[in-house]
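Work through the exercises below with the structure open. Each task is followed by a solution in steps.

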Amino acid sequence: MKLGAVVGMRDDPAAFGKHLRKLEDAGVEYLWAGEAYTADAVSTMGFIAAVTSRAQIGSAILPLYTRTPTLLAMTAVGLDRLSGGRFILGIGASGPQVVEGFHGVPYDAPLARTAEIIEICRSVWRRDTLVHPGAKYQIPLAEGQGTGLGKPLKLITHPVRDQIPIYVASLGPKNVELTAAVADGWLPLHYWPDRAADVWGASLRAGLARRDAPLGPLEIVAGGPLAIGDDVEHLRERARPMLAMYFGGMGARDQNFYNDLLKRYGFEREAKQIQDAYLGGDRKAAAAMVPADLVAGMSLVGPEGFVRDRIEAYRASGVTVLNVEPVGPNGLRDVETLAGWLG
């Protein structure tokens, strides 16, 4: 396994740059930046490209509804050039709460859109004359729409690479199957390695069975908070409010992908209780209800023996990039220790 870390722009860009270089020097090989209804991730990744020299730089994620497919492709070309061929385009559907509530666009057909976006991006990077008569995207714009003046074009810029990796954040069975079939990597959120095979094994097998050999093995990126020590177990509790928000408050009562995942992990009763409490306004109670086994199992927080066991659980489940978020008092030292264990 390789080592990755999720990062975000801090108030002081100079301090952020120093932090990034320290992570790279500590052995971090992947740096990931994302966006929801925050500052955008693209500017952050451009900054990361400017102050680092070795680590891969990935979006985790760019919501696919917020940009046209060709803009996603162009953004990847620019960031790959800025970074000297170190960029990974991570995309995902996000959810209707953000897509419709903040961006004001319909949340429809995430599976079809994901597949078409991947196809379009790869065509743009090959510098094909772009013609895509898809179900969700018509490029050029179909006859009878717009001015009628659009014509097929190809990218002017020559990309550093014509095969920029595409990683997809997916959770549902069909979306995970699609990811395994056509993407370079998978970015599962709230990944519990102990139950991963039960939840996603069939979907992964089905997708890998129709995967083109030139794509190579599917990269799987997952992990959690990191703190190594005999007196740090209490730091696992910091994850509870965030997990409660996802399991209880993200989306609507009848459409919450993360609540569905909690049920698939085997916590159907807890999923309902957390959602009832969170939507009822008792967020503290919802956080307290998140199963302790899940909180611990998705973390790398505890004594050395526990953390080593968690590393092996992630490895055994197929994870190829272990993503960490240092939360302990020895942050960078823990990262260095972990990098040494991974070899």
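**Exercise 1.** In which loop is the place of Gly-101?

Solution. The model is predicted, so local features need pLDDT of at least 70 and side-chain atom pairs count only at pLDDT 80 or more, while totals for chains, interfaces and linings use all residues. Residues are numbered from 1 along each chain as its sequence is written, and side-chain values use heavy atoms, with hydrogens and water left out.

Step 1. Helices (H or I, at least four residues) and strands (E, at least two) are DSSP runs, numbered from the N terminus.
Step 2. Gly-101 lies in the loop between helix 4 (96–99) and helix 5 (110–125).
Step 3. The C-alpha atoms of Gly-101 and Tyr-37 are separated by 9.9 Å, and the two residues are 64 residues apart along the chain.

**Exercise 2.** State whether Gly-101 is buried or exposed.

Solution. Buried means under 20% relative accessible area, exposed over 50%, partly exposed in between (1.4 Å probe, protein chains only). Gly-101 has a relative accessible area of 62%, so Gly-101 is exposed.

**Exercise 3.** Describe how helix 8 and helix 10 are arranged.

Solution.
Step 1. Axes are lines fitted to C-alpha atoms, for helices over the stretch in contact, and angles run from 0 to 180 degrees between N-to-C directions. The axes of helix 8 (residues 240–249) and helix 10 (residues 268–279) come within 8 Å and cross at roughly 95°.
Step 2. Helix 8 is therefore roughly perpendicular to helix 10; angles under 35 degrees count as roughly parallel, over 145 as roughly antiparallel, 65 to 115 as roughly perpendicular and the rest as oblique.
Step 3. In the contact (heavy atoms within 4.5 Å), helix 8 contributes Ala-244, Met-245, Phe-247, Gly-248 and Gly-249, and helix 10 contributes Ile-274, Gln-275, Tyr-278 and Leu-279.

**Exercise 4.** Find the bridge partners of Val-324 in strand 12.

Solution. Two strands pair if DSSP finds at least two bridges between them.
Step 1. Strand 1 (residues 2–6) runs parallel to strand 12 (residues 321–326), and four bridges join them. Here Ala-5 is partnered with Val-324.
Step 2. Strand 10 (residues 219–228) is also parallel to strand 12, with six bridges. Gly-224 stands opposite Val-324.

**Exercise 5.** How many aromatic pairs does a search of the whole structure find?

Solution. The search finds 14. Rings of Phe, Tyr and Trp (its six-membered ring) pair if their centres lie within 6.5 Å; planes under 30 degrees apart count as stacked, over 60 as edge-to-face and the rest as tilted. Trp-192 and Tyr-265 form an edge-to-face pair, 5.5 Å centre to centre with 80° between the planes. Both Trp-192 and Tyr-265 are buried.
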